[in-house]
Amino acid sequence: MKSSLFLSAALLVGMFSSCCQQECSKEGASAGPSSPIIESSSYIGLWQKYQETIVEDPETEMVIKSVAPTNLFKCILPDGNYFLYRAYTDAESNQVVSTIEVYGTYKMQGDSAIVEHILTNCSVPELSNIDSDVIYKMSDKDNMDVYYKLRNADGTPGSSEYEPEHWQRVASATPKQ
C-alpha cells in the first residue's frame, strides 16, 4: 500500500510540475531543463501529514509515543494555490484512490507566516470561504511544523490557540539508471 500511495503522490507531483516549472524557480526551487519533477527546499511541494500517538499503560505507567504518517497530503503550488487530498484503498476495488478535501489560495505575510483562504472544504463545508492564519517552521528542507488557527466568517480569530501539525515532504521519484 505504501508504494501505491507513493505512486499516487508522484503522479500528482509530476502532473503539477510540468505546468509550474518556471514559477518554482522564483520561490527557491530548482528544476533542470530536462527534469520534469520539482525539487524544492521551500514550503512549495507535496507534503504528508504525520500524527503523534500516545499510548499509556495504566498498570506499568509506561508511556509510548509514536509518530506515524497519515493518509492526508498537502500540495502547495508556487502560483499561490494549495489543496489537501486523502489517499486510501477502496474496499471494493482494492485500488488506491484519492479525493481532494480542501482547495484554496495562500499569501505570504512574512518569512514564515501565511494566510490561507479556504475556497472549498468538502469534508467540513462550514469551513469554506474562510481564512486561516498559518505559521510554519522548517527544521530542514523535508520537515515542516505548521501552526494554524482558523478565523471566523467575519474575519475575527476563531480561537486564541494555534493548532500544531507536523508535515514531511514526499520524496521525488528518481528513475533508476
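Q: Why is Met 62 called exposed in this predicted model?
A: Its relative accessibility is 51%. Exposed means over 50%, so Met 62 counts as exposed. Met 62 lies in strand β2, which covers residues 62-76.

Q: What makes the nonpolar surface patch that includes Met 62?
A: The patch is made by Val 55, Met 62 and Ile 64, and its area is about 290 Å². Membership requires over 30% relative accessible area; Met 62, at 51%, therefore passes that cut-off. Nonpolar side chains are joined into a patch within 5 Å.

Q: Why is Ser 132 called buried?
A: The relative accessibility of Ser 132 is 3%. Buried means under 20%, so Ser 132 counts as buried. Ser 132 is placed in strand β6, residues 130-140.

Q: Which residues does Ser 132 touch, not counting residues up to four places away in sequence?
A: Ser 132 touches Ile 114, Val 115 and Glu 116, and also Tyr 148, Lys 149 and Leu 150. Each counts as a contact because heavy atoms lie within 4.5 Å.

Q: How do you know that strand β7 and strand β8 pair?
A: Pairing needs at least two bridges. Strand β7 (residues 143-150) and strand β8 (residues 163-169) have 6 bridges between them, so they count as paired, in the antiparallel sense. Within this pair, Met 144 stands opposite Trp 167 of β8.

Q: In what order do the strands of the closed barrel run?
A: The barrel has 8 strands in the order β1-β2-β3-β4-β5-β6-β7-β8, and the pairing is antiparallel. From one strand to the next, the twist averages 40°.

Technical notes:
Residues are numbered from 1 along each chain as its sequence is written. This is a predicted model: local features need pLDDT of at least 70, side-chain atom pairs count only at pLDDT 80 or more; totals for chains, interfaces and linings use all residues. Side-chain values use heavy atoms; hydrogens and water are left out. Patches are made of residues with over 30% relative accessible area and no salt bridge: like charges are joined within 9 Å, nonpolar side chains (Val, Leu, Ile, Met, Phe, Trp, Tyr) within 5 Å. Accessible areas come from the Shrake-Rupley method with a 1.4 Å probe; for residues, only the protein chains shown count as cover. A salt bridge is a side-chain nitrogen of Lys or Arg within 4 Å of a carboxyl oxygen of Asp or Glu. Helices (H or I, at least four residues) and strands (E, at least two) are DSSP runs, numbered from the N terminus. Buried means under 20% relative accessible area, exposed over 50%, partly exposed in between (1.4 Å probe, protein chains only). Axes are lines fitted to C-alpha atoms, for helices over the stretch in contact, and angles run from 0 to 180 degrees between N-to-C directions.
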